[in-house]
Amino acid sequence: MANEIRMENEENVIEVRDLCKTYITNKRQLNVLRNVSFDIKSGDMVGVMGPSGSGKSTLLYSVSGMDRATAGEVRFCGRDITKLSDSKMAEIRLDEMGFIFQQMYMLKNLTVFDNVILPACQSKKLHETMKETKARGEELMRKFGIIETADNDINEVSGGQLQRACIARSMINKPRIIFADEPTGALNRSSSDEVMKELVKINNEGATIMLVTHDAKVAAKCSRVLYIVDGNIKGEFELGKYTEEDDIKTRERHLNNWLMEMGW
Amino acid sequence: MIFHILSKDLKRRKTMNAILLVFVIIAAMFTGSGLSNMVAVLGGLDKFYDMSHAGNIMCIFEGNYNENEIERTLAKCGSVTGWTKELGYVYPESVKVGDEVCQTGTPLFINMDEAGELIFDKNNDQITEVDAGHIYVNKAYMDANHISTGETITIDIAGKTFDLIVDGEMKDAVWGDPNMISNTRFLMNERDFKRVKNNKIFENANYKGLVYYIECSDTDEVDRAMQDLDGFGFAGDRDMLKMIYLMDMLASFILIALSGALILVSFVILRFSINFTLSEEFREIGVLKAIGLKNFQIRRLHTIKYAGIAVIGAVIGFFAGVPLAGVLLESAAERMVLENSSGIMPNVVGSLIIIAGIVGYAWHCTGRIKKFTPIDAIRFGSGGERFSGKRGVRIPGRRINTAIYLAFNDILSSPVRYLTILISFCLSTLIVLVLDNTAATLQSDSLMDSCLIDGDAICEISSEEAMDLKRRDLSKWAEGIEKEFNEDGIPCEVYTADMTTLEYEIRGDKYNYLTVWPVDVPEGVMKFTEGTEPTNPEEIGLSSGIASKLNIGIGDTIKVNYGKGKRDVIITGIYETFNNLGEGVRLSADAPIPMGSQGGIGYAFVKYTDNPSAKTEKLRAERIRKNYDFEKVYEAWEFCAEMTGAAGPINAMKYLLLMIALIIVALVSVLMERTFIAAEKNQIALLKAIGFNDGKIVFWHVFRFATVTLLAVLLATAVSIPLTNLIMTPVFGSMGVTHLEYRYNFFNILLLFPGLVLGMTIAASFMTSLFMKSIKSSDMANIE
């Protein structure tokens, strides 16, 4: 699986400089992000935490180009994506980025498998035949233990299975980075653990992940955690790569201590 | 509480509610004004006839009639309660505007002071006198001959001329349309009438006619009694004569049909709107049930909104429909004295029908609420999408355009939703196609045999030549033309047909029928719906109108007087004709009509023997026009269009309906696309998030509309052919023809009209789909 994600060891996949995002509502200016700067290296699994309304999701959407930054720079593999057209940005999202959302949203009239391979059908990046695409889709679903749900409608599978299918969809075009917005937010603990297990697994295989969460148990599995308050990055905590052998309880305790320092 | 929920809903679904409201307004407007017009025309016609003293049956006597005998006979008829009469003189082509002879309608000159049937001006006031040197003429005659009020026309009877100033249009119940009834009454001042009457040409009794308008309770009794009398020419009861207003009635019927289609489209939109609303409010409905509201109460809550839209739409439609009904009535009242005696009642009824229909159907559609349970609301998402999620088609094994795949998948996943568009667009297109097929048939040579006799080109001769031919051998005349044409490189057969009134005796009763005597007509040219054409003097063919009226048919023997006493003839064939309101007789070519007894012919018929192309036929007609001295030369389709006179109005109505159909299509497309965008906001955001650009998503949405519209117009094209037959055959049947070959303008029904509907759908759905640009991929964060 490692060879499915392009490895660019020690290279910055994402470089964020002085990123600002301002909303104007009812003639009031709301500064959601204020001069945020950070980097994400290839193979990193960066967690973003913070209280509600601190700008976590806005940061993720601005960095991934889904939302336009008001000011600042976001470099994706060295290229400033804040200046790109919507169409070009869509192309980058399709080919080079993967997305996982809290609500496990999928197209309702398609089967789970067709949802997984849909981005590959749209992309021209890999120059493969439909047979090859389908084979890869099956391989991914098998890897995430949901191959038996391939022909099911999306209302026929559990939330955990659906979110794993979303992870498979996010990886179908072999992206350079996966953005996950509270991927376990709508799941129970058991499903949440299953999903995180898969994310850690692909991170260990080389995938770069930026993940927003409010759950310390989830964040404890990231290699690095950014704490954001009122649109500013207040602190950064280096946890190191998590492996199956690591004691998760210890990582959680360290993280919780740090979060308490941050005012969590 | 209810009003709070309703006002919130009305704000949330502004476009959907506004478009539904527009449909309700238009449907109420057309239903009300269509009903109003129909009531006014159908009811008002009888009143017009009564006001005009037109009686229940009109009889015409020509030539050597005996006035005393006619009136003695009328007095003997038990059902007759009274009559009026008028003496008239007929002379063809005797009216000129400048140097141009008025071709449409033969004048029937009548003394205003002795008129049996009354006339009215355009303000519906009775015209009781006409100044010397002035005249009133009916509108249809003025339109057909391009005469305007105040213009001077010249009466030229056998070389003696005098001028008259047209004072205006008159409304003439029985003789109101020269396209339907060949004579047009010219009611003149006594001085001018004497100028006509004193012309020596009228010493010939053939140019004189006596018209009776008879009040009776049994028109059949009068008809039978009059047929026995000398000089009897024609009898037509009120129902038959009212057929001249068929086009005015047809306009009302088409409006009613259009209203019906609009109501259906409104229902389809209503159903779509309700289903969409229920899907959206899936969770709320479950919660309402959970807290104890009954099905009835929840259904009432949802129905009230549509009742509100129906009432507002119907009221606006009512107020808009009243002036529209006025305009329609004014247009129909150009030829008739019509008063809107029922007032605004038809508009009120139309609006009430709409309200009842919408509310009833809305209630029916909310029946789906009964299936929802509180558990469903909790188990499934707020949109209830998982509740109704259906699988369409799988991604195929080879690479295809994903937008096209998604479009097909959506259509197959929610066929009922797309059926809404299909039905609306199919109905809208069908109305236009049926009218186009009707117009195409009326403008083709399909009706040639029913108009007179089949032919490829028809050469109309002048009235002088027609008079001259009464004393000549018609066969030699036709042969002469045929020889000239053949020598001129036009391989053809030329024949003609004399039209004369002969006396028949059927089961002891006498009848006079307009009879066609074919001269040199090749075998097989005259078409018969049953049996065979008459081949000798002992055989005749009878029109289906007479056969059904008198209950006689093939094999029956009747008597005919060819001019030298009665003889038995056997009916060998039944045919259909538009002439004389469906009544006529056809003789064999060698029927012994004595020289000089001919009624008169108007045309030489040309049948090409080399089966030329349409283009060659057109060129040949042009050559004959240029090189020969005929009054007019028609191609077969031109002749039929001229004879029926209905193609023009139907074409005009077709373009009006096309415009309405395109507006419907645009409105439905906008409504549906706005709804789809609202319903699929999450899917659009997701696709944008995973890298689909705006163009691809717009294409996905527009392609769905294009695919369904293509299916709708193909279906409409296929259905239009049998439907035209189904709808128009009874209409043509009421004019005497049921066996007719419909013609289709395939360019129009396969390309032009479907293309316009498709183009309008694509344009409207494309413009609306641009709204999806406001949906951002980051909206994924807001999905609940």
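Trainee: What span does helix α18 of chain B reach from its first C-alpha to its last?
Mentor: In this predicted model, α18(B) covers residues 474–487 and reaches 20 Å, close to the 20 Å expected at 1.5 Å a residue. That's for 14 residues.

Trainee: OK, and which residues of α18(B) are buried?
Mentor: B:Leu474, B:Trp477, B:Ala478, B:Ile481, B:Glu482 and B:Phe485. They sit on the same side of α18(B), because they cover an arc of only 135° around the axis.

Trainee: What's exposed on the other side of α18(B)?
Mentor: There you'll find B:Lys476, B:Lys483 and B:Glu487 exposed.

Trainee: And what follows α18(B)?
Mentor: B:Gly489 follows, and its phi is positive, near 85°.

Trainee: Switching to helix packing. How do the axes of α15(B) and α22(B) cross?
Mentor: At roughly 170°, and the axes come within 9 Å. In chain B, α15 is residues 415–442 and α22 is residues 647–679.

Trainee: Roughly parallel or roughly antiparallel, then?
Mentor: Roughly antiparallel: angles over 145 degrees count as that, so α15(B) and α22(B) qualify.

Trainee: Which residues of α15(B) meet α22(B)?
Mentor: Among them are B:Ile421, B:Phe425, B:Ile431, B:Val432, B:Leu435 and B:Leu442. On the α22(B) side, the list includes B:Ile650, B:Met653, B:Leu657, B:Leu658, B:Val665 and B:Met672.

Trainee: How do the residues of that contact divide into nonpolar, polar and charged?
Mentor: For α15(B) with α22(B), it's 17 nonpolar, 5 polar and 2 charged. B:Asp436 in α15(B) and B:Lys654 in α22(B) both take part in the contact.

Trainee: New topic, the interface. How many residues does each chain put in?
Mentor: Chain A brings 32 residues and chain B brings 31.

Trainee: Which elements of chain A give two or more residues to that side?
Mentor: Those are α1 (56–63), α2 (86–96), α3 (112–122) and α4 (130–143) of chain A.

Trainee: Which one gives the most?
Mentor: α2(A), with 7 residues. The side of chain A that touches chain B divides into 15 nonpolar, 7 polar and 10 charged residues.

Trainee: Last one, chain B as a whole. How many helices and strands are there?
Mentor: Chain B has 25 helices and 22 strands. Its C-alpha atoms fill a box of roughly 100 × 60 × 55 Å along the principal axes.

Trainee: What share of chain B is buried?
Mentor: 48% of its 784 residues. As for contacts in chain B with a separation of 6 or more, 84% come from residues 24 or more positions apart.

Methods. Residues numbered from 1 in each chain as written. Chains lettered and ligands numbered in written order. Predicted model: local features only at pLDDT ≥ 70, side-chain atom pairs only at ≥ 80, totals over all residues. Helix = DSSP H or I, 4+ residues; strand = E, 2+ residues; numbered from the N terminus. Expected span 1.5 Å × (residues − 1). Buried ≥ 20, exposed ≤ 12 C-beta atoms within 10 Å, placed from the backbone. Arc of directions from axis to C-beta. Axes fitted to C-alpha atoms, helices over the stretch in contact; angles between N-to-C directions. Parallel < 35°, antiparallel > 145°, perpendicular 65-115°, else oblique. Contact = placed C-beta atoms within 7 Å. Nonpolar A, V, L, I, M, F, W, Y, C, P; charged D, E, K, R; others polar.
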